[in-house]
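Q: Hi! Could you walk me through this one, please?
A: Happy to, let's have a look together.

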Amino acid sequence: MKTNKEEIRKVLQIVKGKDFSEDHDLISGGCLDSFELLMLIQKLEDYFQICIPLEWISPEEFNSIDSIYEVIQKAAGQNA
Amino acid sequence: MAEVIIDYLEQSADKYPKKPAYIDQYESVTYEELRDRTYKIACQLIRRGYEKSPIAIYVEKSVQCIAMMLGVLYSGNFYTVLDVDMPPGKIKKILSVFSPVGVIVDKKYRKQLEEIKEQYDFLSGEDLLVKGHDSSLLEEKRKHMRPTDLSQVVFTSGSTGMAKGVMLSHSGIISLMESKTKYFRYNESDIFANQFPFHFVAHLEDIFCTLKTGATDYIIPKELFFSPKHLIKFIEEKKVTILFWASPALCLVAKYGALSNITLPHVRMVAFGGEVMSTKYLHFWKKALPKIDFFNVYGSSETGSGVLCYKVNRVFRNQDSLPLGFPIGETDIFIIDENGKSGQMEGELCVKSKQLAVGYYKNAEETAKKFVQMRDKSGQEVTVFKTGDLVKYNEYGELVYLGRKDFQFKRHGYRIEPGEIEYAVNALEGIKDAACVYDRQKEKIILFYSGDIDDGDLRKSVKKTVPHYMLPDIYIRLGEIPRNVNRKIDREKLRMLYEENGFQ
């Protein structure tokens, strides 16, 4: 599966609005609240056709586009 | 018998000196230590000459924040807790209404407040703790405290752009502490896990009931709500017995699927409030914890937190809504029709309670509108709060919620007046007119605006004045905002426009 960071941004924009441009400190910087994180996870799962296990859901893993990228790669590997 | 809130601190500190009272991610305090800390803070405030005056607390949710709250009360003053995550614009508005004689600020957050260059007396939380206490000062103060004294002001969303503060007296909060302890049989062996923010009235339910009963309250680190698996583990490890949370927080855990294969053997009850609880997610919880009691609690800042309670006693379908339940403590309800006549089966809910707020802070006009006189069954004149909530009795004789009389709505546990968003947007340069509607199904706030402003710029400006939980999700530019003959916003038309055009 091919994932690029631009696609992750696209999903973030579905959740946060079309001009959302942050790529780090998403959680520590207060961009996403806990409800938005849940929404983001559901949208990422739909978009990339993956399943993100509950154990991986933590503020660190979703704090930046880079770390989200890692999560998606890992999840895609698991589901494959 | 306690007269003011701090009498309970004295009682618990005498009875359970070495027992942990509150625990957060940084520290744990015993009742004795908490009392000692509270004494120090109070004496410093008294030495400054503050008397029955407003003091703002700008400290993150922590054990330290609780010590500050109780310290202010011990000094005979009253407080408001400010949300450290609120944008400066909103903080400024609250402070201008509250006009505190002092603002207690954590070192960590000093910078955030310095941006709001105001004329307030800043007190560092650390400085309040350096000096020892003087018992004679405290005894003298205690003599002058009355149950009717103000204890705190809770700020909520107001439609006029002015911050609206709800005044709570000592006796109101004591009534809550007593009736809830009795109803839920809280005792010193209970362990609470606090979820409600301290600037919400509902924090009284766990933070203050802990104080009365000598229980222990864990302040759940905020990060755990981003980590559902760890949150559940936390509850299990800490042997938490009581969960009294905002409904959306319980739903969140259920939605993540974090409830499968859990046991939580220590939890003896789950209560929720702040917003209508989804029966679908309640099922998940009931399935995970089949042996314990679940309670739906209804209340608001003006009713001094929960006044009605429903113990879930039958199975609900997903489309059913949970009853609001029955009055607890010294509470009575009235249902009035459009002409204000009480004794209806359906209409606006009015609440009479010992817990009731004293009114709105420095806002006699709004107080007179919402806190009104009514005759009870015996013909006696009583003060009731008009909740604005429309309710009716169902076939079981239970009270159920129908909707709002005005345009207020709730999202993620926060109470929001569209008027507050509209007021903030209208104040921006380039905006001609603005109006908000709420899409309940998708949980989205839609902002309609007219004027000459770039969409991106508008979003950025709105962020600076509107708290994150009130931020609109969808922005729609119109040539003109539809208004009816009375110049009132035509929200029905806006809703139609939104639905017809399938804006996403």
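**Pocket, cavity and interface**

A: Let me start with the second largest pocket: its lining residues divide into 17 nonpolar, 16 polar and 17 charged. Here Ala, Val, Leu, Ile, Met, Phe, Trp, Tyr, Cys and Pro count as nonpolar, Asp, Glu, Lys and Arg as charged, and the others, Gly among them, as polar.

Q: Before we go on, what should I know about the model and the numbering?
A: This is a predicted model: local features need pLDDT of at least 70, side-chain atom pairs count only at pLDDT 80 or more, and totals for chains, interfaces and linings use all residues. Residues are numbered from 1 along each chain as its sequence is written, chains are lettered from A and ligands numbered from 1 in the order in which they are written, and side-chain values use heavy atoms, with hydrogens and water left out.

Q: Thanks! What volume does the second largest pocket have?
A: About 1,200 Å³. Of its 50 lining residues, B:Glu275, B:Val276, B:Met277, B:Tyr401 and B:Lys410 are the closest to the centre. On a 1 Å grid over the protein atoms alone, a pocket is an open set of points with protein on both sides within 12 Å along at least five of seven lines, a cavity is a set where a 1.4 Å probe fits but cannot get out, and lining residues have an atom within 4 Å of a point. Grid points are joined across faces, edges and corners, and a volume is the space filled by probe spheres set on the points.

Q: And how many cavities of 30 Å³ or more are there?
A: Four, over the whole structure. The largest cavity holds about 500 Å³.

Q: Which strand gives the most to the lining of the largest cavity?
A: Strand 13 of chain B, with four residues. Strands here are DSSP runs (E, at least two residues), and helices are runs of H or I with at least four, both numbered from the N terminus.

Q: Switching topic: how many residues are in contact between chain A and chain B?
A: 18 of chain A with 18 of chain B, contact being heavy atoms within 4.5 Å.

Q: Which salt bridge is there across the interface?
A: The rule finds one, and A:Glu55 pairs with B:Lys229, their closest N and O atoms being 3.4 Å apart. A salt bridge needs a side-chain nitrogen of Lys or Arg within 4 Å of a carboxyl oxygen of Asp or Glu.

Q: How many over all chains?
A: The search finds 37 salt bridges. One of them joins B:Asp36 and B:Lys40 (4.0 Å, N to O), both in helix 2 (residues 31-47) of chain B, four residues apart.
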